[in-house]
Amino acid sequence: MKQRAVRNLRLCTKDCLCLYVCPVGAADTENSIIDTEKCTGCGMCAQACPSGAISMVPEEYPPQQPKAEKVTAAAFALAESKARQETMARQIAENADSDGLYRLMTAMAKSIRLVNEDILRESGYMLPQSGNAHALLRRMAEEPPSAQFPSEAAKRLLKLIPCNEKEG
Amino acid sequence: MKYVCSVCGYIFDEVKEGKPFSGLPEVWACPWCGAAKAAFVPEKAAAEKQEPAAPVYLDEDMEQLSPGVLSALCSNLARGCEKQYKDEESALFLQLADFFASAVPAVPDAGTEKLAELIECDLKSGYPLLRSEAAAEGDRGTLRICTWGEKVTNILNSLMLRYRAEGDAFLQNTQIWVCTVCGFIYVGSNPPELCPVCKVPAWKFEKVEGRTSA
Ligand code: SF4
Ligand code: SF4
């Protein structure tokens, strides 16, 4: 599988081995971001790095497992409930007159959003490269849901992210 | 008899503790994760809990996702991009997520009581239904998120119970922490060493700040 090296700048100590082992000099850049044009994906740098700062990322992802409709129907129903809860928690926080309630509701809104992201990830939206994600972006770009909708963002995403499935 | 915390698995052993579980005060909370007494189940029942929920077939129109769900869907894809080190793409998905968040209509009757009801409803029917559908299809990914999601929802339920019983007294002079990986909420001066739900270390917890005084 084709892959490329990506350096995690938070872990990198910026002083060492990947620069020496890279056969094409892709790791030696001024901004510390590995040069994707040069990188051949050989993986030497990742093996040499003492800080575990380099990951080899696949260039193409295999298509997602298809999801059963009954599962996604139940998941989307739960997602709607979570979304409603998140909205309520935010509203209660906004109107709260005590600091305790404000913080509790802010925490809940965050928590509920995280849980909902997991539900949706498992409902066919794991990969931004998936046919589902592309179909959604295309619909948004073609029929913007409102005049304020940032259509340009959706269009740019369609351009930046390749689709790894036949679009459905 | 032993009682197990449905959030973190802490066991209250009546024999070892030398007192009955039922005798604990209602404000008693799990010493590990802070879940309410109501989140504990007798040990046997915990193992048998798996009875499948009666499936209800929802006529869910996928085209009609609400703005709130679309917002979470886009912020989920932003995370997906982040994990692939695609920063520009991640920022664009967040822009879409923000748009949908701003398009969410206000809930007219928002209040802690209503919120508590919805949370309880997820535990009573939302998760059991999703779990039984996923089990029938052998969908392990969905079963896994049910396990985490249910535990986190349990802690939210506990916190709502406490809030409604005690008001915000239990939140004064202490901090509220959210696990940025699974959403577990912890009340205490410091975050737990490991998240009781997803086991990530303390630094993955985010402190919830109070209102910034204008
Ligand atoms: S994967 Fe190989 S070519 Fe790419 S940066 Fe690392 S050492 Fe260089
Ligand atoms: S070997 Fe690892 S830590 Fe050293 S400069 Fe390269 S990426 Fe950074």
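Trainee: How does the shell around ligand 2 split by class into nonpolar, polar and charged residues?
Mentor: Keep in mind that this is a predicted model, where local features need pLDDT of at least 70, side-chain atom pairs count only at pLDDT 80 or more, and totals for chains, interfaces and linings use all residues; side-chain values use heavy atoms, with hydrogens and water left out. Residues are numbered from 1 along each chain as its sequence is written, while chains are lettered from A and ligands numbered from 1 in the order in which they are written. Ala, Val, Leu, Ile, Met, Phe, Trp, Tyr, Cys and Pro count as nonpolar, Asp, Glu, Lys and Arg as charged, and the others, Gly among them, as polar. By those classes the shell around ligand 2 comes to seven nonpolar, two polar and three charged residues.

Trainee: Which residues surround ligand 2?
Mentor: A residue is near a molecule if one of its heavy atoms lies within 4 Å of it. Surrounding ligand 2 are A:R7, A:C12, A:T13, A:K14, A:D15, A:C16, A:L17, A:C18, A:C49, A:P50, A:S51 and A:I54.

Trainee: Which domains does the assignment give chain A?
Mentor: The bounds come from an automatic or database domain assignment. The C-alpha centres of domain 2 of chain A and domain 3 of chain A are 25 Å apart. For chain A, the assignment gives domain 1 (3-58), domain 2 (72-121) and domain 3 (131-160).

Trainee: What pattern does chain B follow along the sequence?
Mentor: Helices (H or I, at least four residues) and strands (E, at least two) are DSSP runs, numbered from the N terminus. Chain B has six helices and six strands. Along the sequence they read β-β-α-β-α-α-α-α-α-β-β-β.

Trainee: How many residues of domain 3 of chain B and of domain 4 of chain B are in contact?
Mentor: In chain B, domain 3 spans 109-167 and domain 4 spans 172-214, with C-alpha centres 19 Å apart. Contact means heavy atoms within 4.5 Å. The count is six residues of domain 3 of chain B with eight residues of domain 4 of chain B.

Trainee: Are α6(A) and α4(B) roughly parallel or antiparallel?
Mentor: Axes are lines fitted to C-alpha atoms, for helices over the stretch in contact, and angles run from 0 to 180 degrees between N-to-C directions. Under 35 degrees counts as roughly parallel, over 145 as roughly antiparallel, 65 to 115 as roughly perpendicular and the rest as oblique. Helix α6 (residues 151-160) of chain A and helix α4 (residues 87-102) of chain B have axes that come within 9 Å and cross at roughly 150°. That makes α6(A) and α4(B) roughly antiparallel.

Trainee: What is the handedness of the crossing of α3(A) and α5(B)?
Mentor: A crossing is left-handed if the near helix is turned anticlockwise from the far one by less than a right angle, and right-handed if clockwise. The axes of α3 (residues 69-95) of chain A and α5 (residues 112-137) of chain B come within 9 Å and cross at roughly 160°. The crossing of α3(A) and α5(B) is left-handed.

Trainee: What does the contact of α4(A) with α5(B) have by class?
Mentor: Helix α4 (residues 99-121) of chain A and α5(B) pack at about 30° with axes 13 Å apart, and are therefore roughly parallel. On the α4(A) side, A:L101, A:M105, A:M108, A:V115 and A:I119 meet B:T112, B:L115, B:I119 and B:Y127 of α5(B). By class, that contact has eight nonpolar, one polar and no charged residues.
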